[in-house]
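Here is a short tour for anyone who likes to know the cut-offs behind the words. Please have a look at the model, and then we can walk through it together.

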Amino acid sequence: MLERLNQAMEHIELRLDGTVEAEELARVAGTSVYHLRRLFSALAGMPLSEYVRRRRLTLAAAEVVAGRETLLDIAVRYGYGSGEAFARAFRAMHGVGPSEARRAGVTLSSQPRMSFRLVIEGNSAMRHRIEHQQEFGVVGYKARVPLVHAGPNQAIMDFVRGIDREDLARLAKLSDQEPEGIVAVCDDLDPSRAEGTELDYYQGVITSAPAPEGTSALTVPAGTWAVFTVSGPMPEAVQTLWRDVFTQWFPSNPYASRPGPEILRVRPTGDGDGSEADAELWLPVEAVVR
């Protein structure tokens, strides 16, 4: 998998002054566009589109400083339809405009070319199982919230605190399928999974029952799920687990992520204050042929 990812990175380098198609990159990497975007984001710490943009602006900066061509010619070569659009993007990355960059002593930013290599980190077993689920429903209270990669998600915390405890207890009684009890469900995530992009968040249950008044429903098609378990401080343990799933588990197992909601069931342990918990993370996957 890492070898094919590096082939995709080479493919990007050869087309920075042309069109970089996600579909073609996925073909080179031997996976789906959806999985490639999510895997790249987890491995690189930025969306694939952002990496391509930064690499183009890195090469463009070198040509700007060389001064052999006009700024407009350089802008067009790297995919900008006007000098103004190029100048805005250039300033956003480098902190100065392209005209200023030609002055002596100006400091510019650089996005190094990325490659992926194996680092031995899998010294502890990842507890997981594979589940095949028929179509099921999610019923619960819904909000649109930003994605947070590390630390507490204040928008989710505020939303959950605003749900009446008695209403939530009545909702919990509707749970009749795995994972049982109150769960957190994240759906309609941006494929880039960039920090701050928005998603649909449900605090609810997996059930065959109709949605009570005041709640929302989500129908989830039949499919395969990888279920991971972890114990520890929340939310750090789950955020670390999610990272490890994409950086370690997917590259070494014959599965790829597929579109669908992510489901999290958390059960407090210890003194029950929620700082320590056991958790199950359900991710939609599909088998692939290596």
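E24 and R27 sit 3 residues apart, about one turn of the helix, and both belong to helix α2 (residues 22-29). Helices here are DSSP runs of H or I with at least four residues, strands are runs of E with at least two, and the numbering starts from the N terminus. The side chains of the two residues meet in a salt bridge, at 2.6 Å from N to O. That term stands for a side-chain nitrogen of Lys or Arg within 4 Å of a carboxyl oxygen of Asp or Glu.

How exposed are E24 and R27? E24 has a relative accessible area of 27% and is therefore partly exposed, while R27, at 52%, counts as exposed. Buried means under 20% relative accessible area, exposed over 50%, and partly exposed in between, with a 1.4 Å probe and protein chains only.

## What kind of model this is

This is a predicted model, in which local features need pLDDT of at least 70 and side-chain atom pairs count only at pLDDT 80 or more, while totals for chains, interfaces and linings use all residues. Residues are numbered from 1 along each chain as its sequence is written, and side-chain values use heavy atoms, leaving out hydrogens and water.

## The overall picture

The protein has 10 helices and 9 strands, and its C-alpha atoms fill a box of roughly 70 × 40 × 35 Å along the principal axes. Of its 290 residues, 44% are buried. Among the contacts (heavy atoms within 4.5 Å) with a separation of 6 or more, 71% are between residues 24 or more positions apart.

The accessible surface is about 14,900 Å², and carbon and sulfur atoms account for 51% of that; the areas come from the Shrake-Rupley method with a 1.4 Å probe, and for residues only the protein chains shown count as cover. The protein carries 31 positive and 39 negative charges, whose mean positions are 6 Å apart. Lys and Arg count as positive and Asp and Glu as negative, with His and the chain ends not counted; each charge is placed at NZ of Lys, CZ of Arg, CG of Asp or CD of Glu.

## Strands around β9

Which strands pair with β9? One of them is β6 (residues 223-233), joined antiparallel to β9 (residues 276-287) by 10 bridges; in this pairing S231 stands opposite D278. Two strands are said to pair if DSSP finds at least two bridges between them.

Strand β7 (residues 255-257) also runs antiparallel to β9, with 3 bridges, and S257 has V285 as its bridge partner.

## E262 and its two arginines

The whole structure holds 20 salt bridges, and E262 takes part in one with R38, the closest N and O atoms being 2.2 Å apart. E262 lies in strand β8 and R38 in helix α3 (residues 33-44), so the pair ties together parts that are 224 residues apart in sequence. Both E262 and R38 are buried.

R193 forms a salt bridge with E262 too, with the closest N and O atoms 3.0 Å apart. R193 is in the loop between β3 (183-187) and β4 (198-207), so its link to E262 in strand β8 joins parts 69 residues apart in sequence. R193 has 7% relative accessibility and counts as buried; E262 also has 7%.

Helix α3 holds S41 as well, which counts as buried because its relative accessibility is 9%. Leaving aside neighbours within four places in sequence, S41 is in contact with M46, S192 and R193. S41 and T247 are 206 residues apart in sequence, yet 9.8 Å apart in space, C-alpha to C-alpha.

R265 is buried, with a relative accessible area of 18%. Beyond four places in sequence, the residues that R265 touches include P179, I182, V183 and A279.

What does R54 lack, though buried? R54, in helix α4 (residues 48-66), has no salt bridge, and the nearest side chain of opposite charge, E50, is 4.3 Å away. Not counting residues up to four places away in sequence, R54 touches M46, M93, S110 and Q111.
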